[in-house]
Amino acid sequence: MEEDKGALAQSVIDAVNEIASISGYRGTIKKQYCNLARRLKLLTPLFEEIKDSKESMPEGTIRALASLLGALSSAKELLRFGTEGSKIYVVLEREQIMNKYHEVTSQLEQALSGISYENLDISDEVKEQVELVLGQFRRAKGRVDSPDVELYEELLALYNQSSDTTSEPAVLRRLVEKLELMKIADLKQESLALHEMVCASGGDPGESIEKISMLLKKIKDFVQTENLDMDPPTGEKNVFPSSSGQSSVDNNQNTQVIPDDFRCPISLELMKDPVIVSTGQTYERSCIEKWLEAGHRTCPKTQQNLSSTTLTPNYVLRSLIAQWCEVNGIEPPKPPSSSRPTKTISTCFPAECAKIELLLRKLACGNPEEQRSAAGEIRLLAKRNADNRVAIAEAGAIPFLVRLLSTPDSRIQEHAVTALLNLSICDENKGNIVSSGAVPGIVLVLRTGSMEARENAAATLFSLSVVDEYKVTIGASGAIPPLVLLLNEGTQRGKKDAATALFNLCIYQGNKGKAVRAGIVPTLMQLLTEPEGSMVDEALAVLAILASHTEGRAAIGAAKAVPVLVEFIRVGSPRNKENAAAVLVHLCAGDQYHLLEAKEIGIMDPLVELAQNGTDRGKRKAAQLLERLSRFIEQQEEARAQAEAEAEVQVQSETEVEVQVQTETEVQVQVQADIEAGADTQPSELPLTANVVDNDN
């Protein structure tokens, strides 16, 4: 019994010490939670004396201590939420939180009241301290503190605000200051807190969590746009470093706002490894894996039941994120090395597997007719569904298809490269295709195949190039020149396939120079000026990528692109305006000639319009150009003023010289005249001299 008493008292002491170690409570509940933790800490001497007491403990006191231990567990959970939970939730659901606070306080007060101090060997000082704490608990149980109504109403107003309404910066700044969400670490912690709440909701997040998610997005956008205190904590890397690894004015002063489609619905962070669940929704792999590991079998966003837990990599979205990062001068996020890709397992029926085996034997037989037929069937099977793609690869079809890429039969070539394109949709197959030596064969088809085969070869290279290391491999294989050629002479579909492949490949800095040297810039300029304008979006996007490269800027400048770019800023679509402005930002960065050219063409008014009404990125690019133009105009005016001043000084100097020359000339003439006059009258002056002498006498 004594051992049980001591163990129980020690458990209570440990619980109080654990509570005492919790700190950093949310601002709106900080006062109440700090008071609760402080009062519990004051009880430590009581439990120490109970533990050390030699007196036997009454049964009622043991039950009271056990009840107190349960109440302390509830208090610990409450206080942990106060330091780790969502700050926005604390404001929105303050009434619910305070009800829980009063409930825990009441449990603690009842448990403490059940301890019979008279029957225990407790010092008078400790008894007085316990009575003091009990009194504080009783008063806190009935006290209702007035909430921060203004903060609550401002959050609700922000939530109810339509997406096309601009919030008052002063109101948003006050909100982020009160909520203490001004740093990256704060925003990240809030996102994690929201994620934990979603996981703990048992698949039914409810309206409150939906509100928090939307409010957090708006607050995060404001903090990043206004570039508040965005320094990352020690050991963390800013999510938006310069692509070169160095800080830049653009990165420091114009932090990018992440498009909604690029955020994970759970964490609200830029996705590094986006995957698709069976409902079609996309999540960050690590977030959805935690959700599934917690036992949930519903889609967090739609609440639909998941038909399977298979996670399919969303390569298209990953590529779009990488493209957006590249265009905005941001280092594309790399999937964490610890991420665990989900192994796709084939569920083909035995009959289908037998059919695939038969087709592989035909591929290997050497008969062109059978090879053509088998490659065509594999092409169709791989197009049909994911299970077929896995089964075909597992059966060993990829090496056979790679060998067929070099066949002189154009139809077999086309079937083989298209089959590889369809197989490359599957994550695991990409690595098998590249490791089987397919890239040189695909490039061969891109150079020499039929138009359809060339188009599908370009699409295959695009599919493979979503893996960063394969961008280097494909670029080194000589793929870029034939892609540029296809961009120039292909069908509409072929041009689009080539443009998307080139865009993806040129995300890697080392491929940009190769594309420029292959003549891509004149081809892009031609596409920009075609009457139908069907390739304008792709051409401007690729130009925006190339403009960040020295050779790219030189080629764009030499192609006399400024008038065309200014015209797109004036009358293009919102996306085209922002890309044209992005190209001009790079083009004008180191060459004032292009600034002068743009100014003379009349870029100022379209830029002002873009800065006011463009997309977020378009506004930033327009602001940068306007700032450079303003500095350029100031420099021109200063140079003009200096030239005028120097000219005035020159004129004044020349005038002074002329006056001096004239004076000297006049003096010389006068001297000469005096000399001549002196020679004529010298004899008549002698008597005058004599008279003067006489007068002196």
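Trainee: What should I know before we start?

Mentor: This is a predicted model, so local features need pLDDT of at least 70 and side-chain atom pairs count only at pLDDT 80 or more, while totals for chains, interfaces and linings use all residues. Residues are numbered from 1 along each chain as its sequence is written, and side-chain values use heavy atoms, with hydrogens and water left out.

Trainee: How many helices and strands does the protein have?

Mentor: There are 35 helices and 3 strands.

Trainee: Why is Thr61 called buried?

Mentor: Buried means under 20% relative accessible area, exposed over 50%, and partly exposed in between (1.4 Å probe, protein chains only). Thr61 has 0% relative accessibility, so it counts as buried. It sits in helix H4 (residues 59–84). Across the protein, 46% of the 697 residues count as buried.

Trainee: What does Thr61 contact, leaving aside neighbours within four places in sequence?

Mentor: Contact means heavy atoms within 4.5 Å. On that basis, Thr61 touches Gly114, Ile115, Ser116 and Leu120.

Trainee: Which residues of helix H9 are buried, and what puts them on the same side?

Mentor: In H9 (residues 169–179), they are Leu172, Leu175, Val176 and Leu179. They span an arc of only 90° around the axis, so they lie on the same side of H9. The arc is that of the directions from the helix axis to the C-beta atoms. As background, an α-helix has 3.6 residues a turn, so residues three or four places apart point the same way. Just after H9, Glu180 has a positive phi of about 55°.

Trainee: What makes the phi of Leu268 worth a remark?

Mentor: Most residues other than glycine have a negative phi. Leu268 is not a glycine, yet its phi is near 65°. Leu268 lies in the loop between helix H12 (249–253) and S1.

Trainee: Lys560 also has a positive phi, about 55°. Is Leu268 buried or exposed, and is Lys560 buried or exposed?

Mentor: Leu268 has a relative accessible area of 7%, so it is buried. Lys560, in the loop between helix H29 (550–558) and helix H30 (562–571), is at 63%, so it counts as exposed.

Trainee: Why do S2 and S3 count as edge strands?

Mentor: The open sheet has the order S2-S1-S3, with antiparallel pairing. Strand S2 (282–284) and strand S3 (312–313) each have a single partner strand, so one side of each lacks a neighbour in the sheet.

Trainee: How do you know that S1 and S3 pair?

Mentor: Two strands pair if DSSP finds at least two bridges between them. Strand S1 (residues 274–276) and S3 are joined by 2 bridges and run antiparallel.

Trainee: How do helix H24 and helix H25 cross?

Mentor: The axes of H24 (residues 480–489) and H25 (residues 492–505) come within 8 Å and cross at roughly 145°. Axes are lines fitted to C-alpha atoms, for helices over the stretch in contact, with angles from 0 to 180 degrees between N-to-C directions. The contact includes Leu483 and Leu487 of H24, and Ala498 and Leu502 of H25.

Methods
Helices (H or I, at least four residues) and strands (E, at least two) are DSSP runs, numbered from the N terminus.
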